[in-house]
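Here are my notes on the model, as numbered points. Please read them with the structure open.

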Amino acid sequence: MDTNAQLTLRLRQQALIAELGLAALRREGLQPLLDQAARLAAEGLSSAFSKVLEYRAEEGSFLLRAGLGWRQGCVGHVLIGGDTESPAGFAFRTGRPVISNHLAAEARFRTPALMAEHGVRRAINVIIRGEAEPFGVLEVDSRDEGDFTADDINFLQALANTLGVAVDRELSQAALRELTALAEARAREAEAALAARDALLREKDLLMQEIEHRVKNSLTITRSLLSLQARMTAPEAGRAALEDAARRVASIARVHDRLHRSRRIGVVDLGEYLSGLCEELERSCGLAESGRGLALLLEGIECPADEAVTLGLIVTELVTNAAKHGGGTVTVECVTLGEAPGPQSLRLRVGDGGPGLPPGLDPAQGGRLGLQLIRSLGERLGGLPRWEAAPEGGQRFELVFPWPVNPDAAERAAG
């Protein structure tokens, strides 16, 4: 090649180096830059083939990341050996450029299968390295006769150096983006954990308030119960009165045990709650042993804990009395009356096939402690308890009250 042709070629190569530098400054992404470097390398050395090989340490080989002239499907998929017996591997591991102008007669290296498949006769390789770890190798291959020269190495190395600096920057930015995304993810996880913690603390506070409220109400009911028992008890009947009081305190404990099994704080499914309570009463009151049945008709109603406690105590007192003084099957019914969103009521019925209340006994005016307790608790809910003969025979208790319960009315009744 004459002097003018050589000068023209070198000037052209300088222009191609500058073009890659400008592309690197545009920061359009790593893959477009690798593709452009492969194209400019082939153009600068007047060849139909070029490669940008990325070294994969975990595999000990190169991945063909970008290239020109190779059959479809090679770029992005083909792996080439990274050991020193391949031209690219030698250049990468020694850091020195490699020129092999006669691959068929080359004793230093084997010819990679990809190059043999495409009839490559000669190759030139330089390492791609910035300030960080080497990225890989920039290579130009040719089927033509001729020789790559030291000037070609200078051109190709200039492209590779520009590419190396740009690759360092892109990989650093990618790592920074990854770290930023990881930090943001960790921050979101921390925020979620804090929110969960705050929710648990709020739930704990609510639970403690609920427990305090339950204990206070339970003690109030127990105190009222014992005071009423004391007023109605003659001195000679003290032992029996204490046994009745103990039974009713146990009933309160049973009611609260059922209540505390609720999955929600301060709210229970009334049908499920009363069903479980009645099953326990069936065993504890001897209904199951005596062969008497227990029939339940209970609607699943979301019920505040205060009203559930009151209804539980009423049902406990009525079922216990029915088991002790009544006969036949004991029925317990609790259903809503009326359609939402209009006014609604709740109806509680408890009946049995026994003889009922003694003649002349008016539970609204007096009667045993249990009757007075039932009447007091019914009024607390805003209803008027009634005892009547059941159409099918036997005695039936009925309490109908507004639902949901008016808290002001309940507070006045409790006072």
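At what angle do the axes of helix α1 and helix α2 cross?

1. **The helix pair.** The axes of α1 (residues 3-26) and α2 (residues 30-44) cross at roughly 175 degrees and come within 10 Å. That makes α1 roughly antiparallel to α2 (over 145 degrees; under 35 is roughly parallel, 65 to 115 roughly perpendicular, the rest oblique). Axes are lines fitted to C-alpha atoms, for helices over the stretch in contact, and angles run from 0 to 180 degrees between N-to-C directions. Helices (H or I, at least four residues) and strands (E, at least two) are DSSP runs, numbered from the N terminus.

2. **Basis.** This is a predicted model: local features need pLDDT of at least 70, side-chain atom pairs count only at pLDDT 80 or more, and totals for chains, interfaces and linings use all residues. Residues are numbered from 1 along each chain as its sequence is written, and side-chain values use heavy atoms, with hydrogens and water left out.

3. **The six-stranded sheet.** The sheet is open, with antiparallel pairing and the order β3-β2-β1-β6-β5-β4. Pairing takes at least two DSSP bridges between two strands. β3 and β4 (98-100) stand at the edges with a single partner strand each, so one side of each has no neighbour in the sheet. The twist averages 25 degrees from one strand to the next. β2 (residues 61-68) pairs with β3 over three bridges. Leucine 63 stands opposite leucine 79 in β3.

4. **Helices on the sheet.** α2 lies across β1 (49-56), β2 and β6 (136-142), at about 70 degrees to β2. α3 lies across β1, β2, β4, β5 (122-128) and β6, at about 30 degrees to β5.

5. **Serine 86.** This residue sits in the loop between β3 (79-81) and α3 (87-94). Serine 86 is buried, at 1% relative accessible area (buried is under 20%, exposed over 50%, partly exposed in between; 1.4 Å probe, protein chains only). Leaving out residues up to four places away in sequence, serine 86 touches Gly81, Phe109, Arg110 and Pro112. Contact means heavy atoms within 4.5 Å.

6. **Nonpolar cores.** A core here is a set of buried Ala, Val, Leu, Ile, Met, Phe, Trp, Tyr and Cys residues joined through side-chain atoms within 4.5 Å. The largest has 38 residues; Leu270, Ile314, Leu346, Leu348, Phe397 and Phe401 touch the most other members. Elements giving two or more residues to this core include α7 (270-284) and β13 (395-403). α9 gives the most, with ten residues. Another core lies apart, of 30 residues, among them Ile17, Leu20, Ala38 and Val52.
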